[in-house]
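Have the sequence and the 3D view open, and let's start with a pair of packed elements.

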Amino acid sequence: MRRVWKLLFGRYLLVTNTVSSGVLMLVGDVAAQEIESRLESKSTSLGLDWQRMFNMTLVGLSQGPLHHYLYKWMDVLLPGASVRTVFKKIAIDQFAISPIFIVTYLYSAGLLEGASVTECTAELRHKYWTIYTADWLVWPPTQFINFYLISPKYRVLYINAITMLYNVFLCYIKHNDDLVTQLTGKARKKEDSSDSVS
Ligand SMILES: *[C@@H]1O[C@H](CO)[C@@H](O)[C@H](O)[C@H]1NC(C)=O
């Protein structure tokens, strides 16, 4: 058991991070679909959209290596775990990595679902601030708790649990324009998505 754990979080960390990102996104999307069908459908169970689940898993898989290398780079740049270092890491996470994550998430998910680049850009404009605000509400406190209260051996479990909940939100926002419109008071501009060049 310990040997397997060591390999998963040692030599095969890239694979572990990639697969777990895919699985967490899949679980997040299943939960988001469940919530959507309960909120919206008056009829009995809609059933799961397997194609969408598959697509979101691919998006999750593609985010895995990105996160793996970004955090590796961050550990080289800022070694140690002093309070200062932890705050610097949280700052880099929020100001640099989160925007990259949101942009790649919306473009990869959008393009995969057959949207044009123009439509993805319109969607990004429409949803960026909603997602980025939620990101600020969730991740700095989460990471603070992670580094200060959670025992090192439970960190992965803890982060995965929060990530899964956060992915429910991401998948929900990705597939529900109306909620963003309610939150921001701005409807998604139709002209942005109609002049697509796909
Ligand atoms: C999933 O991806 C495929 C391939 O790009 C696309 O044709 C399909 O519309 C997508 N389905 C959903 C539900 O997003």
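Helices α5 and α7 are roughly perpendicular to each other, a label used for angles of 65 to 115 degrees, with under 35 counting as roughly parallel, over 145 as roughly antiparallel and the rest as oblique. This is a predicted model, in which local features need pLDDT of at least 70, side-chain atom pairs count only at pLDDT 80 or more, and totals for chains, interfaces and linings use all residues. Residues are numbered from 1 along each chain as its sequence is written.

**The α5–α7 pair**
- Helix α5 spans residues 117–148 and helix α7 residues 177–184; they pack at about 65 degrees with axes 10 Å apart, where axes are lines fitted to C-alpha atoms over the stretch in contact and angles run from 0 to 180 degrees between N-to-C directions.
- Their crossing is left-handed, meaning that the near helix is turned anticlockwise from the far one by less than a right angle, while clockwise would be right-handed.
- From α5, His126, Lys127, Trp129 and Thr130 meet Asp177, Val180, Leu183 and Thr184 of α7; a contact needs C-beta atoms, placed from the backbone, within 7 Å.
- The residues of this contact divide into three nonpolar, three polar and two charged, with Ala, Val, Leu, Ile, Met, Phe, Trp, Tyr, Cys and Pro as nonpolar, Asp, Glu, Lys and Arg as charged, and the others, Gly among them, as polar.

**The α2–α3 pair**
- α2 and helix α3 (residues 50–77) pack at an angle of about 145 degrees, their axes 7 Å apart, and the crossing is right-handed.
- Among the residues that meet here are Leu13, Asn17 and Asp29 in α2 and Arg52, Met56 and His68 in α3.
- This contact divides into eleven nonpolar, ten polar and two charged residues.

**Serine 20**
- Serine 20 sits in helix α2 (residues 13–40).
- The C-alpha atoms of serine 20 and alanine 91 are separated by 24 Å, and the two residues are 71 apart along the chain.

**The whole chain**
- The chain has eight helices and zero strands, both being DSSP runs numbered from the N terminus (helices H or I, at least four residues; strands E, at least two).
- Of the 198 residues, 19% count as buried.
- Its C-alpha atoms fill a box of roughly 50 × 35 × 30 Å along the principal axes.

Key:
A residue is buried if 20 or more other C-beta atoms lie within 10 Å of its own, exposed if 12 or fewer, and partly exposed in between; C-beta atoms are placed from the backbone. Two residues are in contact if their C-beta atoms, placed from the backbone, lie within 7 Å.
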